[in-house]
Amino acid sequence: MNDHSDGGSIRKLWAADGPAFRDHLLRLDPATRRNRFGMVAGDEFISRYAKTSFTLDTLIHGVFVDGHLVGVGELRKLGTSRTEAEAAFSVERDHQGHGFGSRLMKAVVLSARNRRIRRIYMNCLASNSQMQRLALKAGAELEYEGGDVVGLMVPETPSPVSILREAMGDGYGWATAVVELQRRSVIDGLFGRA
Ligand SMILES: CC(C)(COP(=O)(O)OP(=O)(O)OC[C@H]1O[C@@H](n2cnc3c(N)ncnc32)[C@H](O)[C@@H]1OP(=O)(O)O)[C@@H](O)C(=O)NCCC(=O)NCCS
């Protein structure tokens, strides 16, 4: 999950990553934004959305390239259901087609599996062939409803191996975050930033 095959590393985001998450969404070009939200989404809407995204019901994985967040996979529980969730993905235009979406999908599905989520829904526009390809590759069934497509995935039940895989990914993610924090404090120190 955390290989650097295409120069990126994946880890879970924490509340402290809120501003980076918001800035990532704000950097999405108009077409990517429209595909992500299924509608035209303005800056104000995105800022509000980002602010409310770090809740107990939401788990977000991010892919970092050179310390910058360039893509995310969000898993959000649906209503009061303990076993149903919705997943959403976004990768910035310059980083699309490098396998980051596929790696985020794997991380999201593994986390859902370990949380005993039995159904993951993914909504996208019917014209969004990239997302449909990503969902199909992950084993989702696609249903066409007017101008939208709903993907349904049924994760396997958790196993000791799946739990260990997530724990190892978390350990690695924690370590890379600490290294990144140290790198930033050195740079801030060198340039005299507060
Ligand atoms: C969907 C998205 C997250 C995929 O991210 P990505 O990093 O480009 O994904 P990958 O590089 O892993 O590619 C995923 C698959 O899409 C395929 N793909 C890439 N561009 C494509 C295109 N224009 N048309 C069809 N398939 C395409 C890739 O070939 C790959 O399939 P493969 O492994 O069989 O070759 C990204 O395109 C994106 O952010 N789109 C806008 C937001 C969005 O649509 N979100 C979904 C709704 S929540």
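What follows is a talk about the labels and the values behind them.

Mentor: This is a predicted model, where local features need pLDDT of at least 70, side-chain atom pairs count only at pLDDT 80 or more, and totals for chains, interfaces and linings use all residues. Residues are numbered from 1 along each chain as its sequence is written.

Trainee: What makes aspartate 66 count as exposed?
Mentor: A residue is exposed if 12 or fewer other C-beta atoms, placed from the backbone, lie within 10 Å of its own, buried if 20 or more do, and partly exposed in between. Aspartate 66 has 8 such neighbours, so it counts as exposed. It sits in the loop between strand S2 (58-65) and strand S3 (68-77); strands are DSSP runs of E with at least two residues, helices runs of H or I with at least four, both numbered from the N terminus. Aspartate 66 also has a positive phi of about 50 degrees although it is not a glycine.

Trainee: Why is arginine 116 called exposed?
Mentor: Its count is 11 C-beta neighbours inside 10 Å, so arginine 116 is exposed by that rule. Arginine 116 belongs to the loop between helix H4 (100-114) and strand S5 (119-125), and its phi is positive too, near 60 degrees. Most residues other than glycine have a negative phi.

Trainee: Why are H1 and H3 called roughly antiparallel?
Mentor: Axes are lines fitted to C-alpha atoms, for helices over the stretch in contact, and angles run from 0 to 180 degrees between N-to-C directions. Under 35 degrees counts as roughly parallel, over 145 as roughly antiparallel, 65 to 115 as roughly perpendicular, and the rest as oblique. The axes of H1 (residues 18-27) and H3 (residues 43-51) cross at roughly 150 degrees and come within 9 Å, so the two helices are roughly antiparallel.

Trainee: How do you know that S6 and S7 pair?
Mentor: Two strands pair if DSSP finds at least two bridges between them. S6 and strand S7 (residues 148-153) are joined by 5 bridges and run antiparallel. They form a hairpin with 2 residues between them, and glycine 146 in the turn has a positive phi of about 65 degrees.

Trainee: What makes S6 an edge strand?
Mentor: The open sheet has 7 strands in the order S1-S2-S3-S4-S5-S7-S6, with mixed pairing. S1 (8-12) and S6 each have a single partner strand, so one side of each is left without a neighbour in the sheet. Strand S6 (residues 141-145) is also hardly covered, with 0 buried residues among its 5.
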